[in-house]
Amino acid sequence: MNITKIRSVCIIDDDPIFIYGTKRIMKEVDFSDEIIVYNNGQDAIEGLRQITNDGKELPSVIFLDLNMPIMNGWEFLDHFTEMPNNNQEDILIYIISSSVDPRDIARIQEYDIVNNYILKPITIEDLHKILKNTGGIN
Amino acid sequence: MQTLSITSLIKDSPSAVAILNTELRFVAYSRVWLDDFCKGQSSLTGKNYLDVLPRTPEALRSILKECLANGTKNICEGRKFIYPDGTLQWLKWKINAWTDDSGEIGGLIILLEDVTDTKRREEILAKAERVGRIGGWEIDLSTNQLFWTDITREIHEVPDDFQPYIETAINFYKEGIHREEITRLISNAFADGTPWDTELILVTAKGNEIWVRAKGEVEMANGKCVRIFGTFQDINNKKKVELGFKKVSERLALATQGAGVGIWEYDLVSKTMVWDNIMFRLFGLEYNPNDLSYETWQNSIHPDDRKDGDIEIAKAISGTKNLDAQYRAVWPNGDIRHMRAIGVTQKDSNGKVVKIVGANYDITELKNTQMRLKESEDSFYGAFEHSNTGMAIVALDGSFEKVNQSLCDCLGYTMDELTEMSFQEITHPDDFKNDVHLLKQVVNGLKPSYKLEKRYIHKNGHIVYGILTATAVTDMNGKVLHYVSQVTDISPQIRTEKKLTRLVNITSEQNERLLNFAHIVSHNLRSHSSNLSMLTNFLIKEKSDEERKNLLTMLRGASDGLNETIMHLNEVVQVKIGAHEKKKDVNLYDTLKNVENNLSQLIQEKNATFELKIPRNLTIKAIPAYLDSIVLNLISNGLKYSSPKRKPLIQISAELAHDAIIISFKDNGMGIDLTRHQKKIFGMYKTFHRNKDAKGIGLFITKNQIEAMNGKIEVESTVGVGSTFKLYFENHEHYKN
């Protein structure tokens, strides 16, 4: 397969095991050069704002968990849409959650910036699909 | 002249005759003269007339002198003389002068008669005629001329010289029935001698209409009418009175007929009873005035009322009081009618009651109406007294005129207290305006009644929910006299409704929480299970020992997390099960002290101050295990999330509200941003601080536990200042000594 890897990816999740697993799978498929991790929405907003302030581009793909302490995924989305960035192209956001609550899924539809919803655990196939979607660009 | 024979002839004359000579000495006289004028004297011969009759009036003396002097005669049909002693005498005379053979005047022949008795009778008769306005008349059948006396003329108002004939007399009668009647009567009299006696109107010569009584009699001889005469009386005044009376009587009869008033008369002397036709009708009897007695009446009276009736009659007869009695009459067909009899008594000159005259009328309708009214009133007051609905009669100013026990019971007042009050005093202030507004519409006649759900204030201060129906009671002119208020106490329903609403809210809240809970559980279980499956997959493929060890450590972490989640789940389920446990009286102070001891190590570590402002004897109804858990959770939260900038201070106090005991847990910790987290604070797995111990389960369990005890939890918080959690427990009995 001839797949273009993603420049930089961001994982926002409070579950260390999930982060470990995801990182490991990403390595297997050579998903991205850079993986940035935040443990909750609040950390993520602060960290991403810092990147923009430094004049750099934000990661082009963000994996976002919904249930997190301090600031959950929803609140993160509300803040993130307000936030300026230096990116040339759209940032793809994937919600990654264990929730099968239909109310959560319905709510996701309301956010244009959210690209898709991925049910945990994340698999190699999920990452391949994402790479296919972004392949044309990168 | 053969003197002797004449003298003896004169002596036996049946009249009083005397012959006098020129010197007025008696020559001869009749015995009648001696008896009539000179009683007691033996012989008058030779005596002077004036000596024998010294009382001879001057007028007669002159006549005697004149006749003697001129030889003339004097005749008088009767003349009245009044003597100096007051006595009265009518004298009738004939005086002639007599001449001797030579033609010389020899003396006087006097025929004298005392007509006093006759004349007096005539005079009285004439007077009577005048007084009685009775005139006489007679028809001269040879000339058809009529003779009228003066009074007759006066009645006809014709002049004294008026000469009437039969035709003219008849024409005085009023044209029509009056003239026809007199013509018929006179014709009958001519034909067969039938007398008449009638009352008719005639029109006088001056045009006045008067009533007269005309009486005629006929004398017949050999079947032929020889004389018709009669009297003629002016009865105008009497007739007018009579007619007036008749008119009044007729009017009264008409009125009594129309009003159904029977008139009766009972003569106590002759024991006769007189009823008019209405009386018979009132008693359902055939009109039969001939077969009527006091018993007829008595028999018509209901047996139970006879005694009272007799007593009333007896009172009237004794003159104690006029008759006024009410009784029942029984008709022949068995119908019972209510009657009222009133009567006045008539007394004789000795003051003894001889007659009772009265009226009798049917008051059945009135009586029935009265009875219905009474029944209606009785049933109203019966209903009023015994109704389960609160009822009151309210005066126009709002004061209670009368209240029933039910109203007293539901408002907590005694009857005496409530009747001293007005509806304004027991109405909830927020409902007063609405009530008065509706009441005004009733007063203004816009509606006869109104219905309103309103609140009353019970004597002990709590609210009584009621449905009020107020109805105006008006007099016949539509003027409002008072109101009848009916108050249905719907407090139990309202309380049940509130309880139900609360239950529904709790239930739907619980359902909501349950759904959340299910999703959270599934989410958490899934996160652990997905981690487990992922790590297991890595482990299978992993060759490096070091990395395998690392994976195994994570695997244990994931399995511990799964275990913990299941324990939380169990804990939450336990709250639901535990809700069925009985609440007990728990001493709050002791509970708090116990928790303080358990947390003493943490308190020391944090160098925290613990202030307990709880009465020693305050007890609350709680499930002890829940209360322990709640208190432990809230206090440890206060310690866990303390601010690093200040020495932790935890204050616990109790407050008595109307229907709740409020326990406050106040800390000076980090505080929670409620604008962000208000909705999530009591949610499961919600954490708000960067605290490693935060699991997001404590407050979720706490909320479930307090609600399981019918309480509630509220929070106030300011970031950087602190939080206050308030627990509300149901308040039954506050202190136990």
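Predicted model: local features only at pLDDT ≥ 70, side-chain atom pairs only at ≥ 80, totals over all residues.
## Chain A

Chain A contains five helices and five strands. Followed along the sequence, these elements are arranged in the pattern β-α-β-α-β-α-β-α-β-α.

Chain A has 138 residues, and 38% of them count as buried. Where contacts in chain A join residues at least 6 apart in sequence, 74% of those contacts link residues at least 24 apart.

## The contact between chain A and chain B

Chain B contributes 19 residues to the contact, and chain A contributes 15 residues. On the side of chain B that touches chain A, at least two residues come from helix 18 (491-541) of chain B and at least two from helix 19 (545-578) of chain B. Helix 18 of chain B provides the largest share of that side, with eleven residues.

By residue class, the side of chain B that touches chain A is made up of eight nonpolar, nine polar and two charged residues.

## Two crossing helices in chain B

Two packed helices are described by the angle between their axes and the distance between the axes. In chain B, the axes of helix 20 (residues 588-598) and helix 22 (residues 624-640) come within 10 Å of each other and cross at roughly 50°. Because of this angle, helix 20 of chain B is oblique to helix 22 of chain B. The crossing of helix 20 and helix 22 of chain B is right-handed.

From helix 20 of chain B, the residues that make the contact are B:Thr591, B:Leu592, B:Val595 and B:Asn598. Their counterparts in helix 22 of chain B are B:Leu627, B:Asp628, B:Val631, B:Leu632 and B:Ile635. Taken by class, the residues of this contact between helix 20 and helix 22 of chain B comprise six nonpolar, two polar and one charged.

B:Asn710 lies in the loop that runs between helix 24 (698-708) and strand 26 (712-718) of chain B.

Technical notes:
Residues numbered from 1 in each chain as written. Chains lettered and ligands numbered in written order. Contact = placed C-beta atoms within 7 Å. Helix = DSSP H or I, 4+ residues; strand = E, 2+ residues; numbered from the N terminus. Nonpolar A, V, L, I, M, F, W, Y, C, P; charged D, E, K, R; others polar. Axes fitted to C-alpha atoms, helices over the stretch in contact; angles between N-to-C directions. Parallel < 35°, antiparallel > 145°, perpendicular 65-115°, else oblique. Left-handed = near helix turned anticlockwise from the far one by under 90°. Buried ≥ 20, exposed ≤ 12 C-beta atoms within 10 Å, placed from the backbone.
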